[in-house]
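Please open the structure in your viewer and keep the selection tool at hand.

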Amino acid sequence: QVQLVESGGGFVQAGGSLRLSCVASGRASGPYAMGWFRQAPGKEREFVSAINWGGSSTTYSDSVKGRFTISRDNARDTVYLQMISLKPEDTAVYYCAATRLFITAPSERREEYHYWGQGTQVTVSS
């Protein structure tokens with residue numbers, strides 16, 4: 001059974017930094033794309049960032065571009081989201097997601113991802 005487990009969330013003041021991690025297990029090593037989404041209370045889950053299998057292609061939502069950096073270490077089955085210059089509007093539950101095998105492009109669409117983690121809370125105070 002495929003499982004994704006996020007970690008690294010927490011409380012931080014505006015302007016601070018956090019690094020989220022997500023470890024995938026229970027599936028073939030690859031190839032597959034991975035992404036990060038977030039969901040604030042009362043709002044729909046929204047795209048944050050995604051990365052292709054080889055790590056050479058990434059994409060970001062306009063709201064986080066220039067502040068967040070996605071990366072992956074396939075030897076450790078792990079994807080990271082480095083977040084700097086955090087804003088109160090970044091407060092949300094952050095979810096990592098993985099596509100089915102052989103879908104390698106970094107998609108912004110929720111429908112492209114079949115496997116999801118349980119989420120990790122990020123709270124940014126003003």
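What follows is a tour of a predicted model, step by step.

**The open sheet**

Begin by selecting strands β1, β3, β8 and β7. They form an open sheet of 4 strands in the order β1-β3-β8-β7, and the pairing is antiparallel. Which strands lie at the edges? They are β1 (3-7) and β7, each of which pairs on one side only. From one strand to the next, the twist averages 15 degrees.

Now go through the sheet pair by pair. Between β1 and β3 there are 5 bridges in the antiparallel sense, and Q3 stands opposite S25 in β3. The antiparallel strands β3 and β8 are joined by 6 bridges; select L20 and its bridge partner in β8, which is L81. Strands β7 and β8 also pair in the antiparallel sense, over 6 bridges, and here F68 stands opposite M83 in β8.

**A residue within β3**

Select S21, which belongs to strand β3 (residues 18-25). Is S21 buried or exposed? Its relative accessibility is 14%, and therefore it counts as buried. Display the residues around S21: beyond those up to four places away in sequence, it touches V5, E6, S7, W36, T78, V79 and Y80.

Next, colour β8 by burial. This strand is mostly covered, since 5 of its 6 residues are buried. Select L81 and show its contacts. Apart from neighbours within four places in sequence, L81 is in contact with L18, R19, L20, W36, V48, S49, F68, T69, I70 and Y94.

In soluble globular proteins, nonpolar side chains tend to be buried together. In this model, the largest nonpolar core has 25 residues, and those with the most contacts inside it are M34, W36, F68, L81, M83 and Y94. The elements that give two or more residues to this core are β3, β4 (34-39), β5 (46-51), β7 (68-73), β8 (78-83), β9 (92-98) and β11 (120-125). There is also a second, separate core of 5 residues, which includes F37, A50, A97 and Y113.

**Aromatic rings**

Show the rings of the aromatic side chains. The whole structure holds 5 aromatic pairs. One of them joins F37 and Y113 in an edge-to-face arrangement, 5.4 Å centre to centre, with 75 degrees between the planes. Why does this pair tie together separate parts of the chain? F37 lies in strand β4 and Y113 in the loop between β9 and β10 (115-116), so the pair connects parts that are 76 residues apart in sequence. Both F37 and Y113 are buried.

Ring pairs link F37, F47, Y113 and W116 into a cluster. Then turn to R72, whose charged end sits over the ring of Y32, 5.2 Å from its centre.

**Two residues with positive phi**

Most residues other than glycine have a negative phi. Select D77, in the loop between β7 and β8. In this hairpin, which has 4 residues between the strands, D77 takes a positive phi near 55 degrees. With a relative accessibility of 27%, D77 counts as partly exposed.

Select S85 next, in the loop between β8 and β9. S85 is not a glycine either, yet its phi is positive, at about 50 degrees. Its relative accessibility of 37% means that S85 counts as partly exposed.

**A buried residue and an exposed one**

Remain in the loop between β8 and β9 and select D90. D90 has a relative accessible area of 0% and is buried. Leaving aside neighbours within four places in sequence, which residues are in contact with D90? They are R38, R67, F68, S85, V122 and V124.

Finally, select F102, in the loop between β9 and β10. Is F102 buried or exposed? Its relative accessible area is 66%, so F102 is exposed. To end the tour, select V12 together with F102: these two residues are 90 residues apart along the chain, and their C-alpha atoms are separated by 37 Å.

Note on methods
Residues numbered from 1 in each chain as written. Predicted model: local features only at pLDDT ≥ 70, side-chain atom pairs only at ≥ 80, totals over all residues. Heavy atoms only, no water. Buried < 20%, exposed > 50% of the residue type's maximum accessible area, 1.4 Å probe, protein only. Contact = heavy atoms within 4.5 Å. Core = buried A, V, L, I, M, F, W, Y, C linked by side-chain atoms within 4.5 Å. Phe/Tyr/Trp six-rings, centres within 6.5 Å; stacked < 30°, edge-to-face > 60°. Lys NZ or Arg CZ within 6 Å of the ring centre and 35° of its normal. Pairing = 2+ DSSP bridges. Axes fitted to C-alpha atoms, helices over the stretch in contact; angles between N-to-C directions.
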